[in-house]
Each structure stands twice: as C-alpha cells, then as structure tokens.
Amino acid sequence: MQGKFIVIEGIEGVGKSTNLEFIRRELEAEGKRVVVTREPGGTPLGEEIRNLVLSHRQDGMSSDTELLLMFAARAEHLAKVIVPALAAGRWVLSDRFTDATYAYQGGGRGIPRQRIAEMEAWVQGRLRPDLTLLLDVPVAIGLQRAGQRSAPDRFEAEHTAFFERVRRTYLDLAHLHPQRYRVIDASQPLEDVQQSIKEVLTVFLASV
Ligand code: Z5A
C-alpha cells in the first residue's frame, strides 16, 4: 500500500525541528515505517544546493535562480527519496516542501504565484502532501527563538517585513487547502504544542 506524505511548515524558529522527532515517534508507535527528511536537502545533491542557497557567499542571488534551485533540489528529492519511499509503503515526514516555496519565494521575494504553480505541476505532477502541519507563531516569537542560535544564514538575515509576508502566505495557503492543512498555535508551551499535534495525528491516522 502507498505510504503517506506529511510535511511540517512554518517561519523560522517555530519549532519544526523540535517537533519532527516527536511526530516520528508518534507514527512509529502506530506501526508506521517512517522516513524523515528535509528541504532544501534530503539527498547528497539537494544538500549541496541547500548549502548554496543558505550561504552568504551567494548574497544577491536573483529570485528566479533561487526558485529554480529550490525546484532542482526538490526534483532530486522526489526521484531519489520521496516517490520510492511512498511506493514502498513508507510514511515520509518532511521538514518543509513546496509550500515553503510559495511562502518564501512567492510571499517573501514576490515571485508570482502562477509561476510557482507551473513549476510545481512540472516537477511534482499531481503529488501533494497528504497532511501539512503549519506551526504558526507571531514573527517576533519565531525570530526570538531562532535568534538564540548561531550566525543567521541568507534567509534568517531577512527583515521582519519579509517574515510577515512569509507567515501571511502560509496562512493563506492553509485557508486555500483546508482539506490537508492543520494550523497549530506554536506559541504555546512545547507540551501543549505536542498535545495539539498528537490530536491532529490521531484524527489523520483514523482517516487513512
Ligand atoms: N526555503 C525556501 O526559501 N524555499 C523553499 O522551498 C524551502 C526552504 C524548502 C532553510 O529552512 C531555509 O530554506 C528556510 C526557508 C528556505 N529559511 N528560513 N528562515 P530550515 O527549515 O532548515 O530553517 P529554519 O526555518 O530557519 O528552521 P529553524 O530555524 O531551525 O526553525 P525550527 O526548526 O522551526 O525551530 P527549532 O529549531 O525546532 O526551534 C527553535 C528554538 O525554539 C529552539 O531553541 C527550541 O528549543 C525552541 N522551541 C521550540 N518550540 C518551542 C515552544 N513551543 N516554546 C518555547 N521554545 C520552543
């Protein structure tokens, strides 16, 4: 049987990495075989692209170049990891996917939505996540949580207004795709966030 594709999204610092392991454990406790992966990245080539797009060596990269690199990494990720895993009945749990492109390159950089939709159709065909967990926090909280770490990468160095547009785009996407989106208030204490995630997973698992 085909596996399921779950994606976790949100602005930086919302707690995606923190909650990824929690979700993996919940799914494995239900007997699912889980592949945990991330974007950009998830393959050797994709990780090289990740280094390119995050690095300050590439400050000034054009928005279209950035868009194409995100989809190049994604094409490799789909071909080498996501599609084979789903076909083998595994559940794929990804830290970000194409909605990050709508949010960052679309909302953040201003690339027209239609152009991203064309690339999405070309690279993915009809493959979309079965469930998207959007961890939502006000930008100030996300930046404050992320700011406790090392030097900011090329995206993290953006201004608050950029992240406000990214957050707005994610919330718009959740409104546009209510069948697969679940929005979690990630400004709550971690135990409450994980309780909310658990409730969403319980309903999802019962529905598949
Ligand atoms: N990008 C793009 O532009 N286009 C695309 O198509 C794709 C990606 C796929 C890399 O992503 C960049 O790529 C990203 C968008 C771009 N840039 N940005 N910004 P990434 O996902 O690897 O990087 P990130 O978003 O910067 O992730 P992050 O900063 O590591 O955030 P996180 O994983 O969501 O947060 P965390 O590390 O789990 O938590 C941050 C801190 O908060 C940590 O100390 C936790 O202990 C703490 N935390 C977590 N939850 C809580 C709660 N509930 N309360 C209190 N403290 C908490």
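Predicted model: local features only at pLDDT ≥ 70, side-chain atom pairs only at ≥ 80, totals over all residues.
Modeller: A crossing of two helices is right-handed if the near helix is turned clockwise from the far one by less than a right angle, and left-handed if it is turned anticlockwise.

Biologist: Is the crossing of α1 and α8 left-handed or right-handed?

Modeller: The crossing of α1 and α8 is right-handed. Contacts there come from Thr18, Asn19, Phe22, Ile23, Glu26 and Leu27 on the α1 side, and from Leu190, Val193, Gln194, Ile197, Lys198, Leu201 and Leu205 on the α8 side. Sorted by class, these residues of α1 and α8 are 8 nonpolar, 3 polar and 2 charged.

Biologist: What describes two packed helices?

Modeller: The angle between the axes and the distance between the axes describe such a pair. For helix α1 (residues 16–29) and helix α8 (residues 190–207), the axes come within 11 Å and cross at roughly 40 degrees. Angles under 35 degrees count as roughly parallel, and 65 to 115 as roughly perpendicular. α1 and α8 are therefore oblique to each other.

Biologist: At what angle do helix α3 and helix α5 pack?

Modeller: Helix α3 (residues 63–87) and helix α5 (residues 113–124) pack at about 20 degrees, and their axes are 10 Å apart. That angle makes α3 roughly parallel to α5. Their crossing is right-handed. On α3, the residues in contact are Asp64, Leu67, Leu68, Phe71, Arg74, Ala75 and Leu78, and they meet Arg115, Ile116, Met119, Glu120, Val123 and Gln124 of α5. The contact of α3 with α5 holds 8 nonpolar, 1 polar and 4 charged residues.

Biologist: How do I read α4 and α7, and at what angle do their axes cross?

Modeller: The axes of helix α4 (residues 98–108) and helix α7 (residues 160–176) come within 8 Å, and the crossing angle is roughly 135 degrees. An angle counts as roughly antiparallel over 145 degrees. α4 and α7 are therefore oblique to each other. The crossing of α4 past α7 is right-handed. From α4 the contact takes Asp99, Ala100, Tyr102, Ala103, Tyr104, Gly107 and Gly108, and from α7 it takes Phe162, Phe163, Arg165, Val166, Thr169, Tyr170 and Leu173. The contact of α4 with α7 contains 9 nonpolar, 3 polar and 2 charged residues.

Biologist: What shows where empty space is left?

Modeller: Rolling a probe the size of a water molecule over the atoms shows it. This structure holds 1 cavity of 30 Å³ or more, and the largest cavity has a volume of about 30 Å³.

Biologist: Which residues line the largest cavity?

Modeller: The lining is formed by Gly10, Ile11, Leu134, Leu135, Asp136, Arg167, Tyr170 and Leu171. Both β4 (131–136) and α7 supply at least two residues of that lining. By class, the lining has 5 nonpolar, 1 polar and 2 charged residues. Tyr170 lines this cavity, and Tyr170 is also among the α7 residues in contact with α4.

Biologist: Is the peptide bond from Glu39 to Pro40 cis or trans?

Modeller: The bond from Glu39 to Pro40 is cis, and its omega is near -15 degrees. Pro40 belongs to the loop between β2 (34–38) and α2 (44–54).

Technical notes
Residues numbered from 1 in each chain as written. Heavy atoms only, no water. Axes fitted to C-alpha atoms, helices over the stretch in contact; angles between N-to-C directions. Helix = DSSP H or I, 4+ residues; strand = E, 2+ residues; numbered from the N terminus. Contact = heavy atoms within 4.5 Å. Nonpolar A, V, L, I, M, F, W, Y, C, P; charged D, E, K, R; others polar. 1 Å grid on protein atoms, 1.4 Å probe; cavity = no way out; pocket = protein on both sides within 12 Å on 5 of 7 lines; lining within 4 Å. Points joined across faces, edges and corners; volume = space filled by probe spheres on them.
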